[in-house]
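Please work through each task before reading its solution.

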Amino acid sequence: MALLTQEVDPGEAGLDGKALDRLDQHFAHYVDEGRLPGYLVSVARGGRVAHLTTHGHRDLAAGLPVEADTLWRIYSMTKPVTSVAALLLVEEGKLSLDDPLERHLPAFAEPRVYVGGSGADTVTRPADGPIRIRHLMTHTAGLTFAFYHTHPVDALYRDANLDSAVLPGSDLAGTVDVYARLPLQFEPGTQWNYSVATNVLGRVIEVVSGRPLDEFFAERIFGPLGMTDAGFCVSDQQAGRLSELYGETEDGGIEPIPGLPLHGRPRFLSGSGGMAASAHDMHRFMELLRRRGELDGTRLLSPETVDLMTSNHLPGGADLRAFGSRPAHDEPGNDGMGFGLGVSVVIDPTRTKAPTVLGAYGWSGVATTTFWVDPRHDLTVQFMTQVRPRTSHTMFQDLKRLVNEAVKDD
């Protein structure tokens, strides 16, 4: 286990300590009001942690506090890690962003696109072209999630028993084969729809590398970066540090809910949302990206590859709000945000709902976790808690505003 610690005073890093105190007070109110159990926030500049706060509890019933070594289910913050894993294989020449998916997963040969109808009366047509690896990484493949209720293909996913994105009792290979039998919502590469695509990418990594996804991550990313607690399960020794998961109630409070099962190696290894990690682990991962592929003398990716990962790849250079009214599209924070290879990226700061800068990038998880890298100000920021909200909220916008208020210089 490695522990994240504060390394410098905020003033030494060009940050306003009083503004950071306001940040702490703001989120402490959420805890005091019973809207969050507890949280951890860290702000680093130039690679040095200049602000680190823990507040509240990781387990309310047991009275256990949030500590620097608390483990968190990071859910969709797994996706950027999966993208880095795929890009390792791209740099080795074992995979190409333009590879047809069927080259590695034959079940995706001859994909079909939704035309009309529903259920047994669904009408489809052959796709004009293949799904490509880059479509998986940018969520432009035409795949979806069962829990959306806005398109007939979403319902087909539910009919296929994919309510939680995994076929009950199945592994990654078996579940991905079920995805392959379902129609696409649109022609690959033409629209954006946040989806199960990163699970498919995880299976591609397994096939191309010849290694299970958890082993590939451990050997090629976690080990080299010193991400000592990151993984798809927690050991008996780690279990006491894992935060309880809570869900938001109708009256705005929180209550314990079942979380991502992490005790024992899962049968389904989700590159989309299966990881747990500590704040130290996420700091190391953010630093790899901030330093454009290298950390402490270990280079995983070239600077050019990280630049490609963190550039907007959406069709027509559009932002996330341009692709219809589905749950992942209509979040207020999506104005002015493009999408790269596994991360969102700011393409128009004037349109975003919180102060930010051109080129800042990151991603969030469903349990109200988030991280971002701000290249202009040389910042990395993370916020960890464990609450699945019922509706959208402004916590991340507030966090960005408060962090940017603390930046004293450029």
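**Exercise 1.** Over the face of which residue does arginine 388 lie, and at what distance from the ring centre?

Solution. The model is predicted, so local features need pLDDT of at least 70 and side-chain atom pairs pLDDT 80 or more, while totals for chains, interfaces and linings use all residues. Residues are numbered from 1 along each chain as its sequence is written, and side-chain values use heavy atoms, without hydrogens and water. A charge sits over a ring if NZ of Lys or CZ of Arg is within 6 Å of the ring centre and within 35 degrees of the ring normal. Arginine 388 lies over the face of tyrosine 75, 5.6 Å from the ring centre. Likewise, the charged end of lysine 400 is placed over the ring of tryptophan 372, at 5.7 Å from its centre.

**Exercise 2.** Classify the pair of phenylalanine 27 and tyrosine 39 by centre distance and plane angle.

Solution. Rings of Phe, Tyr and Trp (its six-membered ring) pair if their centres lie within 6.5 Å; planes under 30 degrees apart are stacked, over 60 edge-to-face, and the rest tilted. The structure holds 16 such aromatic pairs. For phenylalanine 27 and tyrosine 39, the centres are 5.9 Å apart and the planes stand at 55 degrees, so this pair is tilted.

**Exercise 3.** Classify the pair of tyrosine 157 and tyrosine 179.

Solution. Their centres are 6.3 Å apart with 20 degrees between the planes, and the pair is stacked. Tyrosine 157 counts as buried at 1% relative accessibility, and tyrosine 179 at 0%.

Conventions
Buried < 20%, exposed > 50% of the residue type's maximum accessible area, 1.4 Å probe, protein only.
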